[in-house]
Amino acid sequence: MAATVYLGLLRASADPGHVDLTSRWPAEFVALASDDIREGLRPAAVELVLRAERGRIVGSVVDAAGEPVLGRAGLLTATKRVCAELAGEPLSGAGIVTSMVDMVRQALPRIAPRVVAACRGSGADRIPALEAVKVQLTRSRASSPDFMIQFDTSWCLLPFRSGAVLAVPSLDDMPPGHRAYVLKLQGLGPDDGAWAVARVEHLISCFLVPFHELIHLLQTGQDDSDVRSYSAEHDASRLCGVLMLQVLRPGGSPAADAGGGPPSRGWPPHLASMLVCMMMGQAPLFQHRLRLAPAVVSEADLDSAPSAEGPPAGAARSEAGAHGEAASGSADAGGAWRAYREWTASFGLRSPAAALDALGCDNSHDRSMKDLVCIEGVARGGDDAETARQLLELALVGRQGDLYSEENRGRVDAAIAADARLAVTEGALEELWGQPPAEAHALALAELAPARG
Ligand SMILES: [Zn+2]
């Protein structure tokens, strides 16, 4: 999994094949996971290379002849080879999801006690809805009508009297029509080995998506009248990565769970930074999709997209230069992006649904918005325990009934006015790439890189 995420960072870079590791999360990820990355890259016959360059550490991969692997197409081929190793194995992810649900149950009283108090009803320091949730794999059927494919392949929370069921799509034995749909959402292009990548990416997402779904479970007593529940979706997406970091990195350090946090369950210490890096690697595709909607479909389109379109996504910044404003093209270019920015700046209260529909956008744009606000939320909320608590309370405590009522709007507006960082705005990702590494990881990276590049 670590090699897949590392190659994802290389593919997403504005200078594909090089990634600037001199920022916090990539620094932590590579410092902690370099052995796993090297091992994982072996089936693709490529090797991890780190070099020091003008005060930065730049990561890349080289082939057996020592030549750097550059360009998205070559890097995607290497990713397919890495993931093909697991092609024959069932990768349900249900065990991972169950474990994440357990960890949220245990950690929430520590992270946000007022949320527990607001959601628990009466009595114990537990939330009944969280206690009762069950995880279930859903298998897609080839006989499903086309309009059902988006539902068959989605995560969802089914409310039953006996407790919610968290339904996780199974990618094993998925029919061809469903596969094509998943590949399109992931931006992976045609199924020429890309399915192996989609399966591994799905497995990694099993560590992250439960946080989004469980936040929905805590939105009790809230009524979202938007046609596609964009307020509720905003909150679950905005808080997903922030909550994940609080649960997996108690105390703000990957080593902290050895000293009194929740059990590590054998997960590697690089798990949290790997999940952040996975999102950082995917973010450029989502940005392009929204800036150029509805034109950009897959990663391959990034090569032909207009160049002045935003953050460098971890390019070796010594070469990346300044970043421009939204790309132009048609009269509608940027329409989905503006709707996205209004949605995030209003903490989910200005719905992008009408703008997306007017542009002829599809589910891939809706998904891009949710995934992008999740990683931008990590950029702004970071893994600061106090910010996470504030965000969870704003979203989930004392906000009952119609989410768009004057009272509920007033509450959100006042909170954002008091602390603008609660709502993510333009530039969040650049901020994320600009965060300096923690001292220990800076030293570890310097150790890993040869003295001269
Ligand atoms: Zn949702």
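This is a predicted model: local features need pLDDT of at least 70, side-chain atom pairs count only at pLDDT 80 or more; totals for chains, interfaces and linings use all residues.
The core comes first. The largest nonpolar core has 126 residues, and the members that touch the most others in it are Met244, Met274 and Leu275. Helix α12, residues 271–291, gives the most to this core, with 13 residues. Both domain 1 (2–90 + 438–448) and domain 2 (94–434) supply at least three residues each to this core. Take Leu275 as an example. Leaving aside residues up to four places away in sequence, Leu275 touches Phe207, Leu208 and Met244.

Next, the sheet. This is an open sheet of 3 strands, in the order β1-β3-β2, and the pairing is antiparallel. Which strands stand at the edges? They are β1 (19–20) and β2 (47–53); each has a single partner strand, so one side of each is left without a neighbour in the sheet. In general, strands of a sheet pair through backbone hydrogen bonds, either parallel or antiparallel. Here, β1 pairs with β3, residues 56–62, over 2 bridges in the antiparallel sense. Asp20 has Val58 in β3 as its bridge partner.

Last, Ser144. Ser144 sits in the loop between β4 (134–138) and α7 (149–152). Pro175 is 31 residues from Ser144 along the chain, and their C-alpha atoms are separated by 9.6 Å.

How values were computed:
Residues are numbered from 1 along each chain as its sequence is written. A nonpolar core is a set of buried Ala, Val, Leu, Ile, Met, Phe, Trp, Tyr and Cys residues joined through C-beta atoms within 7 Å. A residue is buried if 20 or more other C-beta atoms lie within 10 Å of its own, exposed if 12 or fewer, and partly exposed in between; C-beta atoms are placed from the backbone. Helices (H or I, at least four residues) and strands (E, at least two) are DSSP runs, numbered from the N terminus. Domain bounds come from an automatic or database domain assignment. Two residues are in contact if their C-beta atoms, placed from the backbone, lie within 7 Å. Two strands pair if DSSP finds at least two bridges between them.
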